[in-house]
Amino acid sequence: PVVVFYHGGGWIGGSLDLYDEPCATLARRVGAVVVSPDYRLAPEHPFPAATDDTVAAVRWAADHITEFGGDPERIAVAGESAGANLAAVVALRLRDEGGPQLRAQVLITPPVDFLADTESRRQFAHGPIISMELAMRMASLYLGDPANAVSPHASPARAEDLSGLPPALV
């Protein structure tokens, strides 16, 4: 199997180096080929640059993964935080844009709706990991135009139709 894993970092930071060890551990424990692509970061490259890069990475994997011992019919996407958002967006885009077909999504602490007003956002507005204020600043840098927050390619929970998506482990 193949896992295409996207790093976190609030769409403005994070790196492959920070996720090298977790990806190597994932590869050993799951027995999968793990592809960990980088993507363009905001504010220099606002939405939708990261989504374009992450979709391109899965398409590259589908076309070339046999060279590395992977099965192009068994691809999953995964990510943490902003990377989980991107993985969910990739699943939507690939469904709507002709594939390749994914087998699963693994979404670790995924922000899936920039505009959601939830109890957990109120309860954890001051941490423990990041504050809501910092999260909103990162989102603002990533989205560029606030109107982008309603796009399902930024806020995948806002997609009108979630049918036909691969199973998700959140």
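**Close-up 1. Ring pairs link Trp 11, Phe 47, Phe 114 and Tyr 142 into a cluster.** Rings of Phe, Tyr and Trp (its six-membered ring) are taken to pair if their centres lie within 6.5 Å, and planes under 30 degrees apart count as stacked, over 60 as edge-to-face and the rest as tilted. The model is a predicted one, in which local features need pLDDT of at least 70 and side-chain atom pairs count only at pLDDT 80 or more, whereas totals for chains, interfaces and linings use all residues. Residues are numbered from 1 along each chain as its sequence is written, and side-chain values use heavy atoms, with hydrogens and water left out. A search of the whole structure finds six aromatic pairs. One of them is formed by Trp 11 and Tyr 142, which are stacked with 4.9 Å from centre to centre and 15 degrees between the planes. This pair links distant parts of the chain, since Trp 11 lies in the loop between strand S1 (2–6) and helix H1 (16–30), while Tyr 142 belongs to helix H5 (residues 132–143), 131 residues apart; helices (H or I, at least four residues) and strands (E, at least two) are DSSP runs, numbered from the N terminus.

**Close-up 2. The rings of Phe 47 and Tyr 142 form an edge-to-face pair.** Their centres are 5.9 Å apart and their planes stand at 80 degrees, so the pair is edge-to-face. Because Phe 47 lies in the loop between strand S2 (33–35) and helix H2 (49–64) and Tyr 142 in helix H5, the pair ties together parts that are 95 residues apart in sequence. Phe 47 is buried, with a relative accessible area of 13%, and Tyr 142 also counts as buried, at 1% relative accessibility; buried means under 20% relative accessible area, exposed over 50%, and partly exposed in between (1.4 Å probe, protein chains only).

**Close-up 3. Helix H2 packs with helix H3 (residues 82–96) at an angle of about 70 degrees.** The axes of the two helices are 9 Å apart, where axes are lines fitted to C-alpha atoms, for helices over the stretch in contact, and angles run from 0 to 180 degrees between N-to-C directions. The angle makes H2 roughly perpendicular to H3, a description that covers 65 to 115 degrees, with angles under 35 counted as roughly parallel, over 145 as roughly antiparallel and the rest as oblique. Among the residues of H2 that meet H3 are Ala 50, Val 55 and Arg 59, and their partners in H3 include Leu 86, Val 90 and Arg 93, with contact meaning heavy atoms within 4.5 Å.

**Close-up 4. The peptide bonds from Ala 42 to Pro 43 and from Gly 99 to Pro 100 are cis.**

**Close-up 5. Trp 11 and Ser 81 have a positive phi.** Phi of Trp 11 is near 65 degrees, a positive value in a residue other than glycine, and at 5% relative accessibility Trp 11 counts as buried. Ser 81, whose phi is near 55 degrees, is placed in the loop between strand S3 (75–80) and H3 and counts as partly exposed at 29% relative accessibility.
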